[in-house]
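Visitor: I would like to learn how to read a model like this one. Please take me through it feature by feature.

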Amino acid sequence: MAHGVTQAWAGSFDGLLHKDLSSVNSRLAEDCRRFGKTLLLPFGSINPMLPDWEEDLRRCHEQFKMRGIRLHPNYHGYKLSEPFFEKLLRAASERNLLVQIVVSMEDRRTQPALFAVEPVDVLPLGKIVSVIPGLKLQLLNALLLVRGQPLLSTLAAGNVAVEIATLEGAGGVAALLKTVPSEKLLFGSYAPFFIFESAILKLKESALSKAQLEAITSANARRLLSDK
Amino acid sequence: MIWDLHCHLAGVPGSTPDERMAQLVEFADRMGIDRLCVYMGMNWSHQPKPEDFRKQNDEVLQALSRWHHRAFGFVYVNPNFARESLDEINRCVADGPMVGVKLWVAAKAHVAELDPIIERAHELKAIIFQHTWWKSVGLLPGESTPLDIAALAKRHPHVPLICGHTGGDWERGIRAIRRHSNVSVDLAGFDPTAGVTEMAVRELGAERVLYGSDAAGRSFSSQLAKVLGADLPEAAKKLILGENLKRMLTPILRAKGIQL
C-alpha cells in the first residue's frame, strides 16, 4: 500500500454533473471492488434536487453496500437550510450512513469564468446536526474556507469531523489542534486532484504526539465509520 | 539541498521578527529545508508608502540578523515611489545584506515605472521576484498576471525574472511566460494541484522552475509536495528544490563575499 494507506474513502467526480447517479454509483462500487480490493471504500453521490433521490440512497446502501454518501450542495444547487436537506440527512442517519459534504472542489480564483461555483455555506449545519440523532457527518475540502467559530460550532454540534486536505499554514495541523479536539480531525488527501504527498507531509511539519497521529490517521475514521 | 524561494513573516506565531523567524526555521528544520528567502514585514499593505516599506524591510533585516546562515532577504519596494524605492534597494541590497527585490501588487509589472528598479537590481545582481495571479474573480488594481511579467521580460530580455505563484492558474501562467527564456516560475502559494510541476518542466525545462512555499500563509508541506510528489527524474527535482535558486543567487552572493 503506497504511503502506508490501508483504507481510502473514494467518491466519483462524475457525481458532480451526471443525473443518472445510479449508474455513477454502480461504476464507483465496481471500480473500488475491482481495483481497490480492500483498500477503496466507495461513497456514492446523492443529489436531493433530483426526483426520487430516495431510491439512489436506498441503492447506495442496500445494493452497493456503501458505508457512506458524498454530497455536493454547491454543484447540485441547494443550500443547507433547505428542508429537503434535513430530510436527506435523517434518511442517511436512519441507515447509519456516514455523510460527507464537500465544501469546495477547486480554488474559486482558478475556476473557469463560465463555471464558477461558490463554496458551500456550512453555517446552517450546526442547528440541523443537533436535532438528528445518530447523524455522522464529515466535511471535505473545508479547512481553507471554514475557520474560527463557524468551524468550532459546526464540529461541536454533533458527531462531525473534518479532514486536512485543504488545511494550510506553516505547522497547520498543530495550530488547528490548539482549538479543535484531535478526535474531530481526519486524514484526507483529495487525491488525485491534489498531490497525495501534500497531506502526508503535513503530519511531519507539525510536532504531533503518537496519540494525535493515531487519532488523525486511523482511529477517528474507524470510529466514525463504525459508530451507531 | 532544499532552498525555499518564498517565505514571509506574516502569519507566523510570534510578536517580534526574531520570534517569527525562529518559528519559520523550526518548521523548515522539520521539513529538511536548508535556506529560506524572506520578504515583506509582519503587516502588509497593497500600496505601501516609503515609510511603510522601509519599516517592513527593517523587520526582515531584524529577522535575518541571527539567521544569515539559513536565510536570505529580498527588499520590498513600491514602483509608484520610484526614487524612494531605488534608495531602499541601495540601503538594503547595495549597502545591506539583502539579495533580491520583491514586487507585489502596487503596480502592474508591465508599466514603465518598473524599469529603473529592474535596471538597478540587475546592476547589483539581485534577483527579481514579481507576484502574479490570474484570477477569475478579478484582480487588485495593481496586481499583475503572467502576461504583465511577459511584457516586462520582453523589455529586459537579459534580466532574470521570477513569475510569482506561476500565476496561480498555472496552466495559463506557464503558457504566458513560455516564450521568455529569462523568466522562471515560482511554485509557491496555490493549491497542490496534480500536474503543475510536470507541465512546468515539460514546457519550460527544469532549469526554469523554482520551489517556494509562501509560508507561513501556506504550509511547507503542500508546496513541497508539488516537487516531491511529481512524476519527474530526481535530477529535475534537485534543480527545482534548490540548485536553480542557488545558481541564480550565486552572482550576488559572490559579489557580497558570502561563502556557501
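Visitor: Which residues have the most contacts inside the largest nonpolar core?

Guide: In general, nonpolar side chains tend to be buried together in soluble globular proteins. A nonpolar core here is a set of buried Ala, Val, Leu, Ile, Met, Phe, Trp, Tyr and Cys residues joined through C-beta atoms within 7 Å. Buried means 20 or more other C-beta atoms within 10 Å of the residue's own; exposed means 12 or fewer; partly exposed is in between; C-beta atoms are placed from the backbone. The largest core has 141 residues, and A:Ile69, B:Leu24, B:Val38 and B:Val101 have the most contacts inside it. Its largest share, 6 residues, comes from helix α9 (residues 234–255) of chain B.

Guide: Two ground rules. This is a predicted model: local features need pLDDT of at least 70, side-chain atom pairs count only at pLDDT 80 or more, and totals for chains, interfaces and linings use all residues. Residues are numbered from 1 along each chain as its sequence is written, while chains are lettered from A and ligands numbered from 1 in the order in which they are written.

Visitor: What is A:Ile69 in contact with, leaving aside neighbours within four places in sequence?

Guide: Contact means C-beta atoms, placed from the backbone, within 7 Å. The partners of A:Ile69 include A:Phe43, A:Leu57, A:Cys60, A:Ala92 and A:Val99.

Visitor: Which residues of helix α2 of chain A are buried?

Guide: Helices (H or I, at least four residues) and strands (E, at least two) are DSSP runs, numbered from the N terminus. In α2(A), residues 53–63, the buried ones are A:Asp56, A:Leu57, A:Cys60 and A:His61. They sit on the same side of the helix because they cover an arc of only 125° around its axis, the arc being that of the directions from the axis to the C-beta atoms. A:Glu55 and A:Glu62 are exposed on the other side. Cover for the buried residues includes α1 (21–36), β2 (40–45), β3 (68–71) and α4 (83–94) of chain A.

Visitor: How many residues does each chain give to the contact between A and B?

Guide: An interface's size is often given as the accessible area lost when the parts come together. Here the count is of residues: 29 of chain B are in contact with 24 of chain A. On the chain B side, α1 (17–31) and α8 (220–228) each give two or more residues, and α8(B) gives the most, with 7.

Terms used
Two residues are in contact if their C-beta atoms, placed from the backbone, lie within 7 Å.
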